[in-house]
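This briefing is intended for a reader who has the sequence and coordinates at hand.

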Amino acid sequence: MLECTLTTTYRGVALCLSVDTNTGYEGVTFMEWNKPWAYKAECDGVALGSHTTAVAAAIAVTQYRWVQANPCL
């Protein structure tokens, strides 16, 4: 279960919102010079890859957090 102050959903997946990033999603940063893979996903200091959309990067962060919270599933 995600612990976020503010969330939105995309196709049933809860995504954490943040005012601390330039994308609006927690753990997702936009890097214009890295197009088309301009959205970097990171959580707990772990790089989760670069993605073509902010939503895809936010989903990667959510999946990482879910796996960390449910390691035996």
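Where does proline 36 lie? Proline 36 is placed in the loop between β3 and β4, where strands (E, at least two residues) and helices (H or I, at least four residues) are DSSP runs numbered from the N terminus. This is a predicted model, in which local features need pLDDT of at least 70 and side-chain atom pairs count only at pLDDT 80 or more, whereas totals for chains, interfaces and linings use all residues. Residues are numbered from 1 along each chain as its sequence is written, and side-chain values use heavy atoms, with hydrogens and water left out.

**Backbone geometry**

- Most residues other than glycine have a negative phi, and most peptide bonds are trans.
- The peptide bond between lysine 35 and proline 36 is cis, with omega of about 5°.
- Arginine 11, in the loop between β1 and β2, has a positive phi of about 50° although it is not a glycine.
- Arginine 11 is exposed, at a relative accessible area of 76%; exposed means over 50%, buried under 20%, and partly exposed in between, with a 1.4 Å probe and protein chains only.
- Aspartate 44, in the loop between β4 and β5, also has a positive phi, near 55°, and is exposed at 66% relative accessibility.
- Glycine 12 is found in the loop between β1 and β2 and is exposed, with a relative accessible area of 75%.

- The 16 residues of α1 should span 22 Å at 1.5 Å a residue, and the end C-alpha atoms are 23 Å apart, which agrees; the expected span is 1.5 Å times one less than the number of residues.
- The buried residues of α1 include Ala54, Ala57, Ile59 and Tyr64.
- These buried residues of α1 pack against β1 (7-10), β2, β3 (28-30), β4 (39-43) and β5 (46-51), where contact means heavy atoms within 4.5 Å.
- Leucine 48 is located in strand β5 and touches Ala41, Glu42, Cys43, Ala60, Val61 and Tyr64, not counting residues up to four places away in sequence.

**Cavity**

- The structure holds one cavity of 30 Å³ or more, a cavity being a set of points on a 1 Å grid over the protein atoms alone where a 1.4 Å probe fits but cannot get out.
- The largest cavity has a volume of about 40 Å³, a volume being the space filled by probe spheres set on the points, which are joined across faces, edges and corners.
- Its lining, meaning residues with an atom within 4 Å of a point, consists of Leu15, Cys16, Glu26, Ala58, Val61, Thr62 and Arg65.
- β2 (13-16) and α1 (54-69) each supply at least two lining residues of the largest cavity, and the largest share, four residues, comes from α1.
- The lining of the largest cavity divides into four nonpolar, one polar and two charged residues; Ala, Val, Leu, Ile, Met, Phe, Trp, Tyr, Cys and Pro count as nonpolar, Asp, Glu, Lys and Arg as charged, and the others, Gly among them, as polar.

**Cysteines**

- A search of the whole structure finds zero disulfides, a disulfide being a pair of cysteine sulfur atoms within 2.5 Å.
- The sulfur of cysteine 43 is 8.6 Å from the closest cysteine sulfur, in cysteine 16, and therefore too far for a bond.
- Cysteine 72 is likewise in no disulfide, the nearest cysteine sulfur, that of cysteine 43, being 19 Å away.
- Cysteine 43 is buried at 7% relative accessibility, whereas cysteine 72 is exposed, with a relative accessible area of 78%.

Conventions
On a 1 Å grid over the protein atoms alone, a cavity is a set of points where a 1.4 Å probe fits but cannot get out, and a pocket is an open set with protein on both sides within 12 Å along at least five of seven lines; lining residues have an atom within 4 Å of a point.
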